[in-house]
Protein chains: 2
Amino acid sequence: MAVTHPTRDQIQLDNLFAALGNPLRLQVVRELAADGGERRCSSFFPEVAKSTLTHHWRVLREAGLICQRPSGRELLLSLRRDDVEARFPGLLDAVLGAAESESAKDPAAVR
Amino acid sequence: MAVTHPTRDQIQLDNLFAALGNPLRLQVVRELAADGGERRCSSFFPEVAKSTLTHHWRVLREAGLICQRPSGRELLLSLRRDDVEARFPGLLDAVLGAAESESAKDPAAVR
């Protein structure tokens, strides 16, 4: 299962925002940020169809937000925090802070 | 031409990001932020079809990023900076800063 990732310099702002513009994907970014490491993709959203999740992983990966690393028959996901931070300093923290505040005010808004 | 706008409290993060996830819309937000006031919608992108622009104004308006105010046969656009700032403090500045830095590094990336 070969996957390609954009280099740090290839990360584009409109792709980042488009990837974040979906509650499921925003939630994945928040959880990966909180975890700080790798997570099996099967550990996310067991109620969502695999093909749907595969689409979301692709959008996140192509935006440069996550790294997908094969491990056996699974893929491990991690947030490309350093790359996004290097490309757009402060942006990811602002995004995560806004998501945190929205979630605190209105828990239903973020899944 | 009646248009509706979300209230400040109705502004949702995933809608904001989805609206910003397009280079034309991101550019409009940047220009409105730089201008600081109202602009006729016909002053943007004369090369883009009116129906396409109408779609983009709707996405920006429904996300809570812009206000559209009828004026004669035209619509005046302005950035809802105070509302977005009140809902998500610091986020818009982070977005504008990232767009500025991307544009400076790679002028072709942002139109």
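Mentor: A salt bridge here is a side-chain nitrogen of Lys or Arg within 4 Å of a carboxyl oxygen of Asp or Glu. The model is predicted.

Trainee: How many salt bridges does the rule find across the interface of chain B and chain A?

Mentor: B:Glu102 and A:Arg87 form a salt bridge, with their closest N and O atoms 3.9 Å apart. That distance falls within the 4 Å cut-off. Across the interface of chain B and chain A, the number of salt bridges found by the rule is two.

Trainee: Which helix gives the most to the side of chain B that touches chain A?

Mentor: Helices H1 (13-20), H2 (23-35), H4 (81-87) and H5 (91-105) of chain B each supply at least two residues of that side. The greatest contribution, eight residues, is from H5(B).

Trainee: What is the area buried between chain B and chain A?

Mentor: On each side 24 residues are in contact with the other chain. Carbon and sulfur atoms give 61% of the buried area. The total is about 1,800 Å².

Trainee: Why is strand E3 of chain A largely enclosed by the rest of the structure?

Mentor: E3(A) pairs antiparallel with E1(A) over two bridges, and six bridges join E2(A) to E3(A), also antiparallel. Strand E3(A) covers residues 74-79, and it is largely enclosed because the number of its six residues that are buried is five.

Trainee: Which residue in the turn between E2(A) and E3(A) has a positive phi?

Mentor: The two strands form a hairpin with two residues between them. The phi in question is about 65 degrees, and the residue is A:Gly72.

Conventions
Residues numbered from 1 in each chain as written. Chains lettered and ligands numbered in written order. Predicted model: local features only at pLDDT ≥ 70, side-chain atom pairs only at ≥ 80, totals over all residues. Heavy atoms only, no water. Contact = heavy atoms within 4.5 Å. Buried area = accessible area lost by both parts, 1.4 Å probe. Helix = DSSP H or I, 4+ residues; strand = E, 2+ residues; numbered from the N terminus. Buried < 20%, exposed > 50% of the residue type's maximum accessible area, 1.4 Å probe, protein only. Pairing = 2+ DSSP bridges.
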